[in-house]
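Thank you all for coming; I would like to walk you slowly through one structure this morning. Please have a look at it first, and then we can go through some of its parts together.

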Amino acid sequence: MSKHVYQLLNNVETDFSEYETERPLSEFELAALKKKVLSSVKPKKSRKGLAAAACLALCLAGLGLGPLNLPVRAAAKQLVYHIQEFFGTKADLTPYTEILNQAVTENGVTLTLNEVILDGESLLVSYTREGSSTLITPLAYVNGTLQTGGYSGGVRTDNDGIMMAVMDIDLKNVDVSGNLDIELQFLDDAGDSSWNFTFSASGSELSAKTQEIPLGNSFSLPDGSTIRLTSFRTNDLSQKIYYEVENPVESYNLQLVGNDNLGNPILFTLSRSSETGGRLNLDTLTGLIGEDASSLTLTLYACQMPKESGREPNDYEPVGEPFTISLR
């Protein structure tokens, strides 16, 4: 297979809350929303060629990751970027995965929704697009209600122009333990085409196998604000650390750097953030937590974000002392 081209994605800053509704958006509303989304595209930072996805909780969009040496499966002339590949896990995700393989063609562009997984507050979507490489924006409805959170993900394109992507779409206040009716709308950058999919999915099995470990580590940032880590959440698919922030003045990018007790390097990068808190995700490109690991030892690093748009700095400084999370 020819060498793939990997791309870093851009951040899209927008506030969907003003469009929250329990009915489908009209064509006029879709165009207006798309115009708003595309009006605030900002370049994203890289770290050694990799992206650490960071954003406001309602304002994140990523469309790329750094180079990955991952296999791509060809089936019926269609390439697929599997969710399992995206997260780099060796676990069998079959019990949690809904295989859809739904295809919709609009204005000569075919978008195929390959598979989805519900992971707590995340709807993970794998899709393939042929016929265009322009930016598209997803809108997710759960049981008829538009979700107003952010999204991030990764994309890669082969030499034939076939785009394969995985998106992580935020769900707000959704109980995934039952069966959910979901509608996904993908809008192109011109706002005149959309690809619509409907399906049902449940996150009950993955939720039942998710372990949540309470944390209570607090750190003082240079602006006088306090970061308090609240929980570590892990399952076969993902590992996430949640935090709260008190009295924020400046905006910071955060990382948790360290290793497990087996010596594997561990890095958590900022995925979602707001004035009240956020989430860091395990960077699987740096390393995975060992299957037999019993603890993680991590240090918080912070980097103040520029007040105006531009290249993000990379001068992370350690904050506080290292701490340990017991996994057993």
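This is a predicted model: local features need pLDDT of at least 70, side-chain atom pairs count only at pLDDT 80 or more; totals for chains, interfaces and linings use all residues.

Residues are numbered from 1 along each chain as its sequence is written, and side-chain values use heavy atoms, with hydrogens and water left out.

Rings of Phe, Tyr and Trp (for Trp, its six-membered ring) are taken as a pair if their centres lie within 6.5 Å, and the pair is called stacked when the planes are under 30 degrees apart, edge-to-face when they are over 60, and tilted for the rest. The structure holds five aromatic pairs. In one of them, the rings of F86 and F87 are edge-to-face, because their planes stand at 80°, with the centres 5.1 Å apart. F86 is buried at a relative accessible area of 15%, and F87 is likewise buried, at 12%. F268 itself pairs with F232, again edge-to-face, at 6.3 Å centre to centre and with 85° between the planes. F232 belongs to strand β17 (residues 226-234) and F268 to strand β20 (residues 265-273), so this pair ties together parts that are 36 residues apart in sequence. Elsewhere, Y127, F186 and F197 form one aromatic cluster.

Now to a sheet. Two strands are said to pair if DSSP finds at least two bridges between them. In which order do the four strands of the open sheet stand? The order is β10-β9-β13-β14, and the pairing is antiparallel. β10 and β14 (194-202) stand at the edges with a single partner strand each, so one side of each is left without a neighbour in the sheet.

Within this sheet, I would draw your attention to β9 (residues 136-142), where seven of the seven residues are buried. In a regular strand the side chains alternate between the two faces of the sheet. In β9, I136, P138, A140 and V142 point one way, whereas T137, L139 and Y141 point the other way, and all of them are buried. Seven bridges join β9 to β13, with the two running antiparallel, and T137 has L187 as its bridge partner in β13. On β10 (residues 145-146), which is joined to β9 by two bridges, L146 stands opposite Y141. β9 and β10 form a hairpin with two residues between them, and N143 in that turn has a positive phi of about 50°.

N107 has a phi of about 55° although it is not a glycine, and N107 is found in the loop between β6 (98-106) and β7 (109-119). Is N107 buried or exposed? At 61% relative accessibility, N107 counts as exposed. N173 also has a positive phi, near 55°, and sits in the loop between β12 (163-170) and β13 (179-188), where N173 is exposed with a relative accessible area of 84%.

Finally, a residue in strand β22 (residues 295-304), namely T299. T299 is buried, at 14% relative accessibility. Contact here means heavy atoms within 4.5 Å, and, leaving aside neighbours within four places in sequence, T299 is in contact with Q255, L256, V257, P318 and P322.

Conventions:
Buried means under 20% relative accessible area, exposed over 50%, partly exposed in between (1.4 Å probe, protein chains only).
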